[in-house]
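Thanks for making time. I have one structure to go through, so let me put it on the screen.

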Amino acid sequence: MGRIRRYATGAITALLITGLAACGSTTTNGTGSGGANTDITTGSKATGQASEITVGTTDKVVSLDPAGISELGSIQTAYQIYAPLFAQHDGKADIVPNLAADNGTWNADGTQFTVKLKSSLKFTNGHALTSSDVKFSIDRIKSINSENGPVSVFANITKVDAPDPTTVVFTTSVKNDVTLKPVLSMTAAGIVDEQSYAKDKLATDDEVVKDNGFSGAYSLKEYKSNDHALFTRNGDYQGIEPAHNKQVTTRYYADSSNLKLAVQQGDVDVAYRSLTPTDITDLKKDGKLKVVTGNGGGGRYLVFNLRTQPYGSKQQNANADKAKAVRQAVADLVDRAALAKNVYQGTYKPLYSFIPDGQAGFVDTLTGAYGDGSGKPDVAKARKVLADAGVTTPVKLSIQYNTDHYGPSSADEYAAIKTQLEDGGLFSVDVQQTEWVQYSKQRVVTDSQDGDFPAYQIGWAPDYPDPSDYLIPYFAPDGFVSNGYENPQVAALLKAQAGQTDESQRLDTIEQVQQVAAKDLPILPLLQSVSQSVTGGDISGVVMDTNFVLRYPSLERE
């Protein structure tokens, strides 16, 4: 999330049309329901509210508090109601001032970054939004330290000061930290009202809605978990992306088949996450609908729990060399091209790197290192890796996956992976799924918890447009993945790249991180995605950025 979204990705974030999904509905037919301006029983729009824009999704919202979000369902909601100091404009990668009045300045020694706020900012409840709220918002992320939150990406911020109501000073442990502005553009860095939120615990959903302490383009007027959310335009918003519409209702669906039917029947104007590849193919044939494709940048991964995997550090037969051999053998056997073609019908492509192809910092570290050297599996190589390490076969490996967050096709994906790994008799694989609420907690390794899954599925979409957001969540000890991986060399490289203002030098360091990680393999990249939505023919302004967020403010009815 775990630490972080974003990914996230966030959340992983999970991606494309099959991404982080599935809130169930309270309606008897499981097709979701609308907000105050929809008929909750039938799901149809109420008379006189045709101008309302309705978005349908199967994504699950874990928290409405930015200090506790890491997966796309929560980030999608939080993006609309909380505003950070900086932001991406129109989905582009450039970071520009949002609630900030300027781009900020570093002091002479590069340890303090000063930002001025726009004047007369206020929350939707009428409270003034000042530098004190900014300090409070960042400080509470660290003090709460939610296992489902973004704390790891804020690690370089050692102190936040508010010397006057419109000035914020960030002290950093890395000089001239090039990642600071991208981090401060994350949805998780959205500003909350210090008069409404506790400093040491997450706000409940009811508290968030009741206190109405929102800094973003919308106020959240109604929210019912797994059912609906009603957003109304914040007329006082001074950010770069004010809402072009008066209100948007999000309706949550139990599964992709109900979401598909809803957009076909016009019950929702935009269907965003998680339609299956087959759904998208069918809907492209409907002349009344449009399929919109956005920027890519997300991926699907197999994570190894370094404590509980075969020969993991907390197993009775713990052996680091054998544990690594197991991970490497899995990499030798996985057939990404088959997954992309047979499971996802070409809507994903094979991913042989930790940073997706097309993103800054991309290095293909896996194609030549595993399998037959060209991207295909190699049973003989996997057998030799295990034999050389003294691993007895077949290796019993349990893998957990999730369909209500990472999409219904996950079942087919992991059935295929099971078959691939068992080819040649080297592995005996048990695949199981768990509902997301339990899954997101049980997978995490902490000081007091080893994590319940020896290997498991995640998806990731970036929190901010920088290559470090694909590395810190994966490999930092307190990152989102939280699988027990700790490598001092990687930790030092991650810290070093943040302060390297020379782009070429920084990219070299980022490549070194990936080269080391490719040998250790705490996480195995599988597939790279794009972002897609389906809309009614009269809807315009659909913007999906590289963070896999659908931007409600730009939506309009033609």
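Predicted model: local features only at pLDDT ≥ 70, side-chain atom pairs only at ≥ 80, totals over all residues.

The protein has 558 residues, and 61% of them count as buried. Its accessible surface comes to about 19,500 Å², with 47% of that belonging to carbon and sulfur atoms. In secondary structure, there are 15 helices and 19 strands.

Now the rings. A pair of aromatic rings is described by the distance of the centres and the angle of the planes. The structure holds 20 aromatic pairs. One of them is formed by tyrosine 406 and tyrosine 439, with 6.4 Å centre to centre and 75° between the planes. Over 60 degrees counts as edge-to-face, so that is the label for this pair.

What does this pair tie together? Tyrosine 406 lies in helix α10, residues 403-406, and tyrosine 439 lies in helix α12, residues 436-442, so the pair ties together parts that are 33 residues apart in sequence. Are the two tyrosines buried or exposed? Tyrosine 406 has 1% relative accessibility and counts as buried. Tyrosine 439 is buried as well, with a relative accessible area of 0%.

The next pair is tryptophan 460 with phenylalanine 480. Here the centres are 5.1 Å apart and the planes are at 35°, which is tilted. Tryptophan 460 sits in strand β16, residues 455-460. Phenylalanine 480 is in the loop between α13, residues 472-475, and α14, residues 488-498. The two residues are 20 apart, and the pair links distant parts of the chain. For burial, the cut-off is under 20% relative accessible area. Tryptophan 460 is at 0%, so it is buried, and phenylalanine 480, at 1%, is buried too.

Both of these residues belong to one aromatic cluster, formed by Tyr301, Phe354, Trp460, Tyr474, Phe475, Phe480 and Tyr485. Phenylalanine 480 also has a charged neighbour: arginine 443 lies over the face of its ring, at 4.5 Å from the ring centre.

Last, the helices. Helix α7, residues 320-333, packs with helix α9, residues 379-388; their axes are 8 Å apart and the angle is about 175°. How is α7 oriented to α9, roughly parallel or roughly antiparallel? Roughly antiparallel, because the angle is over 145 degrees. On the α7 side, the contact is made by Ala325, Val326, Gln328, Ala329, Asp332 and Leu333. On the α9 side, Val379, Lys381, Ala382, Val385 and Leu386 make the contact.

Technical notes. Residues numbered from 1 in each chain as written. Heavy atoms only, no water. Phe/Tyr/Trp six-rings, centres within 6.5 Å; stacked < 30°, edge-to-face > 60°. Helix = DSSP H or I, 4+ residues; strand = E, 2+ residues; numbered from the N terminus. Buried < 20%, exposed > 50% of the residue type's maximum accessible area, 1.4 Å probe, protein only. Lys NZ or Arg CZ within 6 Å of the ring centre and 35° of its normal. Areas by Shrake-Rupley, 256 points an atom, 1.4 Å probe, with all protein chains shown as cover. Axes fitted to C-alpha atoms, helices over the stretch in contact; angles between N-to-C directions. Parallel < 35°, antiparallel > 145°, perpendicular 65-115°, else oblique. Contact = heavy atoms within 4.5 Å.
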